[in-house]
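Visitor: I am new to this structure. Please take one part, look at it closely, and then lead me on from there.

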Amino acid sequence: MTISAQENSRLLEAFGLSSDNPGAFDGSWLKTSGERIESINPATGTPIAGVTMATREEYDRVAQTTVEAFKEWRTWPSPKRGEIVRQLGDILRQRKDDLGRLVTLEVGKVLSEGLGEVQEMIDMADLAVGMSRQLYGLSMHSERAQHRMFEQWHPMGPTGIITAFNFPVAVWAWNAMVAAACGNSMIWKPSPEAPLTSLAVTRLAQEVLEANSAPPIFNLAIGGVSDVGEPMVADTRLPLISATGSVRMGKAVGAAVAARMGRSLLELGGNNGLVVMDDADLDIALRGVLFGAAGTAGQRCTTTRRLFLQKGIAAKMKEWLVKAYGSIRIGDPLESGTLMGPLINQAAVDSMLAALEVVRGQGGRVLAGGEAIEGAGYFVQPTLVEIDEQIPMACDETFAPILYIMEFDDLEEAIALHNAVPQGLSSAIFTLNMRSAERFLACTGSDCGIANVNIGTSGAEIGGAFGGEKDTGGGREAGSDSWKAYMRRQTCTINWGTELPLAQGVEFDL
Ligand code: UN1
């Protein structure tokens, strides 16, 4: 029996899940009546458990409860809200091992990444607890005598959170921990590919809310596009929609939310490039490329998809990479020592193979990998493709472990190639030359939301703002001042004098 099969029932039990679960929560679990879906273990292709999704009416009920919960939650002092987030972080610490394993079981990322994802949730909780005491506004000097002027931040309102399968719980935490500290209630629409982890997390949140008699702010509606996705995006009761996923999805969400004057926070696809200069420390460059390109089986929005090699080191790096790609251990992601698990489903395998077909037609030469792996589960070989110019396929994000390799003469050429794609999430340069590093970070350098030196494109810490430009959608989540997206700003001017002077010296006297 594989480790996955043994873990299946133990993990379901650990989170109070059965083979058939309701797919909506609004303080209590709804008797959902939508379509039944199975969560499939991508390493075996076998079902883990089923979920009955929410209908449109059931979504509506969850949304109404979320609106009611907001009315109370916004009146809690922010540090008291932070205390709830702190307790959620504590429970995640206690349950890290099981939740990390469930992530691995359900989406196929290797165990150390499954655990890392839960650690990312814990880190977010810690950060948001601190934020709850630091939701600072500015004060400014008024031009009018005996006047005081300042900005303050209020909770934005009930928030819709749409997440993708590849970070099924961490991305919820980026949003939920901060949104809760800021005073928002929320509804989570997880990916139908990863319903069980969302149920497990919601159960942990339920424990914390109930223990504190807090209003139901962490709600859940698992459902398809027409029953949950579209009604949520069009819902004028939700002033903020935060969506993570494909560019295609984000363009539809962004347009629909803008049409009703809502605010959207979009974190969409990347097509992340990594530049290796002749003077780089090639040892760390190789490791950075391997984790960035093959880690998570190429299913991160930050995955390294394009590698630019300066001509002096190109042959050597290619040789090392081909060798390393041949020894990446692929297999059961719960087994220790595995470096690459499966893709999420058969459609992902098919789309990788179809993309490679097109790539070959566009002149790409496969240096390593290129095939699906026969047998149970959705395994593929990590793939290296050499290209002479940036072919159209290399401008698209194929959510699979395909790395395109290009050579360049000088840094100016590399930067031009790097920026010549529609997406703008993450980027990296490996160099020991300070001028090259700074050139890459200058405003005429990388056009991405994330730019690293001697670090790969993936694996960002939560302390910085996370997100990207162009087709990546422009949103910023997680650290820094990203909390501002979850609040509304109010500028206040107080006249404590006995006159009513007008700004800009305007006179209006009878
Ligand atoms: C994603 O793939 O949607 O920087 C997020 C990283 C992770 C987050 C990835 N911390 O790779």
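Guide: Start with M186, which stands opposite F218 in strand 9. This is a predicted model, so read every position as computed. The two strands here are strand 8, residues 186-189, and strand 9, residues 218-221. They run parallel, and three bridges join them.

Six strands form an open sheet in the order 2-9-8-7-10-11. The pairing is mixed. Strand 2 (24-25) and strand 11 (263-267) stand at the edges. Each has a single partner strand, so one side of each is left without a neighbour in the sheet.

Go back to F218 and look at what touches it. T202 does, and T202 also touches F25, W29, W188 and L220, not counting residues up to four places away in sequence. T202 sits in helix 7, residues 195-211. Is T202 buried or exposed? T202 is buried, with a relative accessible area of 4%. That value is under the 20% limit for a buried residue.

Follow V276 next. Leave aside its neighbours within four places in sequence. V276 is then in contact with L282, A285, L307, F308, L309, Q310, I313, M317, F408 and F430.

Strand 18 covers residues 426-430, and it pairs with strand 19 in the parallel sense over four bridges. The bridge partner of A428 in strand 19 is N452. Strand 19 spans residues 450-453. Its covered face holds I450 and N452. Its uncovered face holds A451 and V453.

The residues around the ligand are E120, N166, F167, W174, E267, R300, C301, T302, S458, G459, A460 and F466. Take three of these in turn. An oxygen atom of the ligand is 2.6 Å from an N or O atom in the side chain of T302. For G459, the atom is a polar backbone atom, and an oxygen atom of the ligand is 2.8 Å from it. For A460, a polar backbone atom is 2.7 Å from an oxygen atom of the ligand.

Now turn to a hairpin. Strand 3 and strand 4 form it, with four residues between them. G45 is in the turn and has a positive phi of about 75°. Strand 4 covers residues 46-52, and the two strands pair in the antiparallel sense over six bridges. I40 has P47 as its bridge partner in strand 4.

How do the side chains alternate along strand 3, residues 36-41? I37, S39 and N41 point to one face and are buried.

Two other residues have a positive phi without being glycines. Q146 is one of them, at about 55°. Q146 is in the loop between strand 5 (139-140) and strand 6 (147-155). At 39% relative accessibility, Q146 counts as partly exposed. K470 is not a glycine either, and its phi is also positive, at about 55°. K470 lies in strand 21, residues 469-470. K470 is partly exposed, with a relative accessible area of 39%.

End with another threonine, T104. T104 is in helix 4, residues 96-107. Its relative accessibility is 1%, so T104 counts as buried. What does T104 touch, not counting residues up to four places away in sequence? T104 touches K109, V110, L111, G114, P333 and L334.

Terms used
Residues are numbered from 1 along each chain as its sequence is written. This is a predicted model: local features need pLDDT of at least 70, side-chain atom pairs count only at pLDDT 80 or more; totals for chains, interfaces and linings use all residues. Side-chain values use heavy atoms; hydrogens and water are left out. Buried means under 20% relative accessible area, exposed over 50%, partly exposed in between (1.4 Å probe, protein chains only). Two strands pair if DSSP finds at least two bridges between them. Contact means heavy atoms within 4.5 Å. A residue is near a molecule or strand if one of its heavy atoms lies within 4 Å of it. A polar contact is a pair of N or O atoms within 3.5 Å; within protein, one must be able to donate a hydrogen and the other to accept it, and residues adjacent in sequence count only if both atoms are side-chain atoms.
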